[in-house]
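Let's walk through this model together, starting with the whole chain and then turning to a couple of its elements. Have a look at the structure first.

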Amino acid sequence: MKPIPANPENPDAVAEAAARMPRQIPYIIGNEACERFSFYGMRNILTPFLITTLLLYAPIAERAGIAKDVFHTFVIGVYFFPLLGGWISDRFFGKYQTVFWLSLLYCAGHACLAIFESNRTGFYTGLFLIALGSGGIKPLVSAFVGDQFDQSNKATAKVVYDAFYWTINFGSFFASLLMPRILAAWGPAWAFGIPGILMFIATVIFWAGRKKYVHVPPSPPNPDSLINVARTALFAPGKGSAGLIMAAIGVVASVAIFLLWAIAPAWWPEHFSFVITFCVALGLLILFGGIGTSWQLERARGKHSDMAVEGVRAVLRILIVFALVTPFWSLFDQKASTWILQGNAMIMPHDSWWWPSWLVQEPAQMQALNPLLVMLLIPFNNIVLYPMLRRMGVEVTALRRMGFGIAFSGLAWVAAGLIQMNIDGGDPTSIAWQVLPYVLLTFGEVLVSATGLEFAYSQAPPSMKGTIMSFWLLSVTFGNLWVLITNAAVRNEGVTSYIASSGLSEPAFLMFFFAAFALLAALAFAMYARRYPMADHYRTV
């Protein structure tokens with residue numbers, strides 16, 4: 001894409017050209033709509049399928065817990081593999097080639113789900129391929145959208161990112177509404193096969209626009225990369241070595257975690273799986289390594305440019321924002337596991353005139369509320385809410401939106417906990433009550449997730465777009481890690497005894513626990529956001 005030339009004699013033409021949508025955007029949007037249908041189509045029926053079909057070998061009382069473990073382990077993989085996809089794209093093949101070839105693996109994963117519906121090894125292989133393909137392309141497609149803009153037309157980027165997120169939910173809405181019905185009526189082969197067909201169509205659409213895209217080439221080996229600057233800062237001579245010691249503590253702690261998992265002493269938690277161990281070790285490396293680097297970062301000046309040093313400082317600040325968002329994801333992704341299980345204990349109000357019995361017959365279909373509300377809330381916020389707040393003198397910054405979004409997710413889980421208490425009391429509870437937590441959670445999602453896509457791209461230094469988008473998605477991995485750790489903890493007799501002494505059922509207790517977790521995170525986020533320096537890293541040409 002060529003920059004729009006300045007033309008002082010015709011400023012209106014310049015403004016009109018700058019506001020014009022790049023002609024390649026529809027290919028990316030179309031690809032995303034089909035891909036999201038395929039992903040959410042299989043994701044939103046995964047928990048019901050596991051409980052009713054694949055996990056029949058397990059005792060009934062254990063199936064829900066195993067299904068939650070499988071589901072959240074899968075989600076962890078989906079949001080971990082962006083690190084791999086971002087690295088391959090940034091260093092070797094570029095965004096387009098990486099997205100295209102990983103999409104073919106993605107299609108193969110869907111085929112495995114449809115073929116191996118009764119074979120655990122084959123089915124889990126399909127989940128792995130989908131996690132690899134879907135996760136690998138996640139940071140690249142949204143970053144690829146940003147590559148189609150420059151300083152001359154960046155004002156339209158926010159509109160496109162909102163449209164991009166709206167399209168994601170357009171595909172998710174129909175998938176959430178239709179696939180539970182198809183699973184119940186036609187069986188798993190069709191329920192998993194149809195999303196596979198949509199993923200193949202998504203790949204074809206993306207391929208069709210190949211000659212129209214702006215292709216930003218992969219970055220050459222960068223002596224001023226994040227890793228190189230951090231290594232210099234940690235090992236450069238200077239007074240004191242507090243930063244190096246801090247990073248070393250992270251390495252030792254990570255190795256110790258793996259050794260304890262392998263040895264499994266008697267006091268080691270029985271359900272502390274490899275996935276939990278790996279994610280905890282990764283988190284310790286990032287945490288202690290980041291702290292140590294920040295303490296000694298000034299030592300990298302001289303060997304690295306001031307711009308490189310400040311770029312690393314910016315990345316470390318961004319990672320703090322991402323870390324504070326992780327509690328939101330621990331709440332958000334449980335709508336496809338914990339909330340479905342809650343819905344199974346509720347009644348469908350088929351006798352009520354206002355209930356769409358002809359359409360909604362399965363508890364899993366309640367998930368369709370989320371994308372439907374997103375499609376309504378995004379235009380409402382942009383057309384009504386945000387302009388109204390600006391007229392009132394309230395600046396609607398990205399970080400403010402994200403902080404309030406985390407808080408709204410906490411309120412959603414307070415509502416879910418109150419509903420669970422009513423169920424536990426033995427009163428027949430209509431599933432229509434789940435509308436309230438869905439509304440609150442979705443409002444929080446729009447404030448966090450749609451905003452986070454734009455925030456992550458705009459704050460990332462030019463050479464690290466794919467990598468930073470990967471870290472943004474990695475926050476979802478750690479959000480689901482909290483769920484796995486909690487699920488492992490509630491299998492401990494001491495924890496279950498404490499929950500029983502609270503007078504609440506285990507589901508209700510955990511719902512209020514996660515609500516408090518999110519509300520505390522929102523408070524910490526607000527405190528940090530007040531002193532965060534915003535940057536502008538859209539390309540100039």
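How many helices and how many strands does the secondary structure of the protein chain come to? The count is 19 helices and zero strands. Keep in mind as you read on that this is a predicted model.

Next, the overall dimensions. The C-alpha trace of the protein chain spans about 70 × 60 × 50 Å along its principal axes. A compact globule with 541 residues would have a radius of gyration near 24 Å, and the protein chain, at 24 Å, agrees with that. Of those 541 residues, 55% are buried. Among contacts with a separation of 6 or more, 82% join residues 24 or more positions apart. As for the surface, the protein chain exposes about 23,700 Å², and carbon and sulfur atoms supply 70% of that area.

Now let's turn to helix 2, which covers residues 25-43. With 19 residues at 1.5 Å a residue, helix 2 should span 27 Å, and its end C-alpha atoms are 26 Å apart, so the two values agree. Is helix 2 largely enclosed or largely open? Because 16 of its 19 residues are buried, helix 2 is largely enclosed by the rest of the structure.

Helix 5, residues 82-115, makes an interesting next stop. Its 34 residues would reach 50 Å as a straight helix at 1.5 Å a residue, but the end C-alpha atoms of helix 5 are only 26 Å apart. Where does helix 5 bend? Look at Phe93, where helix 5 bends by about 120°.

Conventions: Residues are numbered from 1 along each chain as its sequence is written. This is a predicted model: local features need pLDDT of at least 70, side-chain atom pairs count only at pLDDT 80 or more; totals for chains, interfaces and linings use all residues. Side-chain values use heavy atoms; hydrogens and water are left out. Helices (H or I, at least four residues) and strands (E, at least two) are DSSP runs, numbered from the N terminus. The expected span of a helix is 1.5 Å times one less than its number of residues. Buried means under 20% relative accessible area, exposed over 50%, partly exposed in between (1.4 Å probe, protein chains only). The bend at a residue is the angle between axes fitted to the seven residues ending there and the seven starting there. The radius of gyration is taken over C-alpha atoms; the globule rule is 2.2 Å times the number of residues to the power 0.38. Contact means heavy atoms within 4.5 Å. Accessible areas come from the Shrake-Rupley method with a 1.4 Å probe; for residues, only the protein chains shown count as cover.
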